[in-house]
Amino acid sequence: MLRKLNATRFLIPIILFAVSLTGTSAFAQSATVVRVEPSAPLAQVNDRVNLTVKVDNITNLTAMELHLSFNPAVLEVIEISNGGFVAADFVAQNTFSNAAGTIDYAVAQLNRAPVQGSGTLLNIAFRAKANGSSTVALRPTQAAPNGLLLSDPNGIAIQASWLNGTVTVGTTTQSVTPPTPTQPTPTQPTTTTVPATSTAPTSLPSGSNTATATPVPNGGILGTHIVRFGEYLYCIGRAYGVSPWAIAQTNNIVWPYIIYPNQQLSIPNTPWGDMTSGPVCQAQFTKTNPPTASPPT
């Protein structure tokens, strides 16, 4: 995602990882809290409910990935928009589903100084559909097991606590239990090894209109793809009809999904079932599909 950063800067996480082994974390953010505001609003059916996702007391924030869930029987999303604290120079995800009750949002700022302090990450506008209660909470995904990823310019995850929000529709007498903070989720620094011949990292592109997919069970390796300059996981996935998240998982590529020219990627036999339109990289081998059974007469 941070593809415009100088590749030499990715040597820094190796040093930071060594420091972390001694028990000292250079990026510990024990006081950092990400929360839904207001935490317990009341509404009537057809009311507009405006919520924000805010972060408090953070340093060196450059990118964030957020996966939320809500009760689609009670609420429906009208729109989501960037909160302005992290500039949306690069948008990896910006989507929601009122059928599944999910929100997926991931952005990074490029060629800017990291942000410090407190601010708004995301604005969410809901419509109250029916009486009931809906908690706005983190939703684990393959790319973000805790549903939340905050990153510094070197791709090192920043530790943070999370506070849910609960929207109550149709009653003013029901007691609403305020959310309690979760324990800070410890995160280990991630390192990226830059090949000697690499010139610049590339990453997942913007424009995704689907939530992070969970790959189907691995059906083996189709072949090997050598990354060319300017390629990213989406266009490589389209070249073979393979899920980009499955490619990332197979090759141990962690968020923010940075790949490098001349990097060798094993392409798994994991079809991209709801493949989005967009640029297609040049295939480097012929994909052999398994035979399809003829329909019964």
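Visitor: Is R127 buried or exposed, or partly exposed, and with what relative accessible area?
Guide: This is a predicted model, in which local features need pLDDT of at least 70 and side-chain atom pairs count only at pLDDT 80 or more, while totals for chains, interfaces and linings use all residues. Residues are numbered from 1 along each chain as its sequence is written, and side-chain values use heavy atoms, with hydrogens and water left out. Buried means under 20% relative accessible area and exposed over 50%, with partly exposed in between (1.4 Å probe, protein chains only). R127 is partly exposed, at 23%.

Visitor: Which residue forms a salt bridge with R127?
Guide: A salt bridge here is a side-chain nitrogen of Lys or Arg within 4 Å of a carboxyl oxygen of Asp or Glu. For R127 the closest N and O atoms are 2.6 Å apart, and the partner is E76.

Visitor: How many residues apart in sequence are the parts that R127 and E76 tie together?
Guide: The two side chains form a salt bridge. R127 lies in strand β8 (residues 115-128) and E76 in strand β5 (residues 75-82), so the parts tied together are separated in sequence by 51 residues. Strands are DSSP runs of E, at least two residues, numbered from the N terminus.

Visitor: Which residue forms a salt bridge with D89?
Guide: D89 is partly exposed, with a relative accessible area of 34%. The closest N and O atoms of the pair are 2.7 Å apart, and the partner of D89 is R112.

Visitor: Which residue is linked with R35 and E37 in a network of salt bridges?
Guide: R35 and E37 meet through their side chains at 2.9 Å, N to O. The network also includes D56.

Notes
Helix = DSSP H or I, 4+ residues; strand = E, 2+ residues; numbered from the N terminus.
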